[in-house]
Amino acid sequence: MAVLRGRPTDVSDPPPTIALPVPGSLLVALPTLEEPTFHWTVVLMLAFGKEDGALGVVLNRPNEVPVEALLPGWEVLAAVPDSVFVGGPVSRESVICLATMRTPASFGSGDVEEVPGCARIPGGAGRLATVDLNRRPEEVSGAVERVRLFSGYAGWSAGQLEGELSSGSWLVVPAEDDDAFTGDPDGLWTRVLRRQGGHVSLYAKAPPKLSLN
């Protein structure tokens, strides 16, 4: 997590130090990032590399398309709210499926990698995974507790995200198990910042548009 030294005089001040994300961590848009695509977003990181760039999905942008309308059958596993989320501006025609796996004892060895069609994501006590949507829901329902579908993703080319972090656009923080499946996505940004405590939690009090304050 980024460390703030001293007391910020205004929530628009970017943190002076940065941390790089890892798969399974969160990127939280700071109030200074007013660009509409990512304003007040929380992104779950799925991949990060200095040479390959970064990829993640926005966790707090549900749309009004029900899961059943896009991928019939998967609605039985969908977390509430039962809608497809806007994962980001890249490849909106593609769909990424995140899942919480059941407790290890309920599906054999507990190694998510051994469940056909599921690939573990670091973090979340080993229970967070992506699911291959070429599989049928019934093929994974014994191992999967719930899923969330994302249309598109957030992507950065090599070095791009590091530049945005240095400019104070994002904060890197740990994820909690339920962040990707929250039933209140509209409140996720505020909750994630508040739980960091200290000076970081002050960002949660920022007005929707700093430029209008």
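Helices (H or I, at least four residues) and strands (E, at least two) are DSSP runs, numbered from the N terminus. The views below come from a predicted model, where local features need pLDDT of at least 70, side-chain atom pairs count only at pLDDT 80 or more, and totals for chains, interfaces and linings use all residues. Residues are numbered from 1 along each chain as its sequence is written, and side-chain values use heavy atoms, with hydrogens and water left out.

**View A. Thr100 in strand 5.** Look for Thr100 within strand 5, which covers residues 90-101. Thr100 has a relative accessible area of 5%, so it counts as buried (under 20% relative accessible area; exposed is over 50%, partly exposed in between; 1.4 Å probe, protein chains only). Leaving aside residues up to four places away in sequence, Thr100 touches Arg127, Val144, Glu145, Arg146 and Phe181, where contact means heavy atoms within 4.5 Å.

**View B. The largest nonpolar core.** A nonpolar core is a set of buried Ala, Val, Leu, Ile, Met, Phe, Trp, Tyr and Cys residues joined through side-chain atoms within 4.5 Å. The largest one here has 26 residues, and Leu26, Leu44, Leu46, Val57, Leu59, Leu98 and Leu193 have the most contacts inside it. Strand 1 (26-29), strand 2 (42-49), strand 5, strand 9 (170-173) and helix 4 each give two or more residues to this core. Helix 4 supplies the largest share, four residues.
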